[in-house]
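Let us take a walk through a protein model together. Keep the sequence and the 3D view side by side as you read.

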Amino acid sequence: MLESIPSTLAPENWPFSLEFLPQPAYMVGGAVRDAILGRTREYLDLDFVIPSKAVKVARAIAHHYKAGFVLLDAERQIARVVFTHATADFAQQEGDSIEVDLHRRDFTVNAIAYNPHTQEIIDPLQGYADLQQGILRMVSPANLEDDPLRLMRGYRQAAQLGFTIEPATQAAIRSLASHISKVAAERVRVEIGYLLANSQGTPWITSAWQDGLLNPFFKNATRESLIKLAAVDEAAALLTENWQQLGAQLQEYVRDSVKTTWLGIAKLACLVNPNPELAEIELQELTYSRAEIRGVTTALKVLPQLQVVDMSLREQYFFFHDADIVFPAMTVLAVALDILVEAMSGDKPLHTAVETKAKRCQLLAPLINRYLNPDDLVAHPTPLVSGKELIIALDIPASPIIGQLLREIGVAQAEGKVSTATEAIAYARQLSKLPHLPSG
């Protein structure tokens, strides 16, 4: 058993004083597991089990520390206290003892409790031994069936911890896979987001698909879709090696998302229907945010433009206008598709498609360098005039033509034809007299 209690479990590291917890009280779940593994977090996420009056205890702590309070489940007595740099959940003990409560949990590594009053570790299911061996083992099939999200959570935790799933546990997950359709889509989406966010999740999301957990949510995903995910990881590694700034942007979270990075957006585009309109419906059903849906559909719509070998300056301008902030995801998809084609045509591993990767990076380099340069007028145009200024100067009504004129001014500015507001207005006046404006 443990030679010493990890310091990260010590009450002096909590956002509240131990004196607020009754005796007995137990810390459980991920915080205990991670402390034993030596994993540290900037943001503390603590879970406590209390034999009685859990909500009352939570409310008292929130009141004393002027922290946020959220009643999560009045019937089961579960509440959350939100501090600046930590969250603490308090739940009423299930059963007559902490051992009974732990037997109702998902995996043995999450069924370890710590009593801060006595500094005792309670481990009735040998979760510590499984932690040492890097194994994720179910407590029981019935526990997984009680909350089918635990089926997907198993793959996510294996990815995060770098663990393997014990064979009998994976067999049980496979046999219970149909139950995943009972889970609300938004709960599943969060787990999928973790798996798509980095390369460690790719083998596990592949396993989840093979074991039948993804089918109800991604009906268009195929074996090739999963191979594409691995190709995206290869492409992301290559692009990061050549352009660190682009690699960093791939790891940034999409605005308004729960756990979706731009790398995750690229991978999501591999799993949905390739038709942008149908993909949008699919993602709406999975309760993705508008920003995430726009990211995927934009990537699917604009990606074919990246197959053009020599874009004119004008074509580049309109490409960047369409791609906007989705450019990093589209770039990694373009490289991934080339890797995939070469690997499949030669029946060889993805990482050996060296020639294709180098060639595609060479072709994309001018566009990537433009995108990474904030002063580049093709990728990041700086408007010389506003639509309102055009309406007044040209004495014309507001209409879609104003938008077209502004884009044409942007192209002319990138080409060096205009550089001041006066020149821009004069150029727009000339264009407005044409029977038809140039098309993008």
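This is a predicted model: local features need pLDDT of at least 70, side-chain atom pairs count only at pLDDT 80 or more; totals for chains, interfaces and linings use all residues.

Residues are numbered from 1 along each chain as its sequence is written, and side-chain values use heavy atoms, with hydrogens and water left out.

Let us begin with the overall picture. The chain holds 20 helices and 9 strands; here helices (H or I, at least four residues) and strands (E, at least two) are DSSP runs, numbered from the N terminus. Taken along the principal axes, the box filled by the C-alpha atoms is roughly 85 × 55 × 35 Å. Of the 440 residues in the chain, 52% are buried. With a 1.4 Å probe and protein chains only, buried means under 20% relative accessible area, exposed means over 50%, and partly exposed is in between.

The accessible surface of the chain is about 21,100 Å², and carbon and sulfur atoms own 51% of that; such areas come from the Shrake-Rupley method with a 1.4 Å probe, and for residues only the protein chains shown count as cover. A contact means heavy atoms within 4.5 Å. Among the contacts in the chain with a separation of 6 or more, 67% join residues 24 or more positions apart. As for charge, the chain has 39 positive and 51 negative charges, and their mean positions are 4 Å apart. Lys and Arg count as positive and Asp and Glu as negative, while His and the chain ends are not counted; each charge is placed at NZ of Lys, CZ of Arg, CG of Asp or CD of Glu.

The peptide bond from Gln23 to Pro24 is cis, with omega near -5°, and Pro24 lies in the segment before strand E1 (26-28). Helix H1 (residues 30-37) contains Arg33. Is Arg33 buried or exposed? Arg33 counts as buried because its relative accessible area is 7%. Apart from neighbours within four places in sequence, Arg33 is in contact with Arg41, Val109, Asn110, Leu131, Gln157 and Leu161. From Arg33 to Lys359, 326 residues apart in sequence, the C-alpha to C-alpha distance is 46 Å.

Two loop residues come next. Gln126, in the loop between strand E7 (120-122) and helix H4 (127-133), has a phi near 55°, a positive value in a residue other than glycine. Asp324 is not a glycine either, and its phi is positive at about 55°. Asp324 sits in the loop between helix H15 (313-323) and H16, and it counts as partly exposed because its relative accessibility is 35%.

Grid points are joined across faces, edges and corners, and a volume is the space filled by probe spheres set on the points. There is 1 cavity of 30 Å³ or more. The largest cavity has a volume of about 40 Å³, and its lining includes Arg189, Lys259 and Tyr288. Helix H8 (185-196) and H12 each give two or more residues to this lining, and H8 gives the most, with 3 residues.

The second largest pocket has a volume of about 210 Å³. Among its 13 lining residues, Lys228, Ala269, Cys270, Val272 and Pro274 are the closest to its centre.

We end in helix H19 (residues 400-414), where Gln413 is found. Gln413 is buried because its relative accessibility is 12%. Residues up to four places away in sequence aside, Gln413 touches Leu377, Thr382, Leu384 and Val418.

How values were computed
On a 1 Å grid over the protein atoms alone, a cavity is a set of points where a 1.4 Å probe fits but cannot get out, and a pocket is an open set with protein on both sides within 12 Å along at least five of seven lines; lining residues have an atom within 4 Å of a point.
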